[in-house]
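Open the model in your viewer and colour it by secondary structure.

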Amino acid sequence: MKQNTLIILFFISYNCIAQTKNDSIAITQVLKNTYEALGNYDVQNYIDNCTEDYLLIENGNYIWTLEQEIEHFKTNQHHKIIRKDKFKIHSLRIDGDFAYSIYDLWSEIEENNVIKKLHWIESSIFKKINEKWKIVLIHSTKIED
């Protein structure tokens, strides 16, 4: 009986660890996809990766709703930029259908042969909706390197 209980506990633990790993990979991919959509002014991909009540807080002084960001995309989609992003994830915590991540983001943005290198430290909150992780909130603080 003890052996059966141990085997059951092992499989439960193993499945929990595997699910956490799968969720971590999915959350990281949503984050990368969202920034790729940002760089490409890809409205549909951006919407697909965010909740309806999504917010972006920039430098503690401006709050963007999803609708405001989409309007910004539409206004600026004629800009031809090349954006390369690099992330360093410091922590990623998952608790049921919610998760949060803290990370550095470095972006290299080229427009009209001018390259800007930018750095932010950010935190994001994610929510699992219908088995898909989406971003609820990004809090972004620009770092002057």
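The protein has 3 helices and 6 strands, where helices (H or I, at least four residues) and strands (E, at least two) are DSSP runs numbered from the N terminus. Follow the chain from the N terminus and the elements run α-α-β-β-α-β-β-β-β. This is a predicted model, in which local features need pLDDT of at least 70, side-chain atom pairs count only at pLDDT 80 or more, and totals for chains, interfaces and linings use all residues. Residues are numbered from 1 along each chain as its sequence is written, and side-chain values use heavy atoms, with hydrogens and water left out.

Next, show the surface of the whole protein. Its accessible area is about 9700 Å², with 55% belonging to carbon and sulfur atoms; areas come from the Shrake-Rupley method with a 1.4 Å probe, and for residues only the protein chains shown count as cover. Of the 145 residues, 32% are buried, meaning under 20% relative accessible area.

Now select F98, Y100, I102, I121 and I125. Together they form a nonpolar patch on the surface with about 410 Å² of accessible area. The largest share, 3 residues, comes from β4.

Finally, centre on I121 in strand β5. I121 counts as partly exposed because its relative accessibility is 35%, between the 20% limit for buried and the 50% limit for exposed.

Key: Patch = residues over 30% accessible without salt bridge, like charges linked within 9 Å, V, L, I, M, F, W, Y side chains within 5 Å. Salt bridge = Lys/Arg side-chain N within 4 Å of Asp/Glu carboxyl O. Buried < 20%, exposed > 50% of the residue type's maximum accessible area, 1.4 Å probe, protein only.
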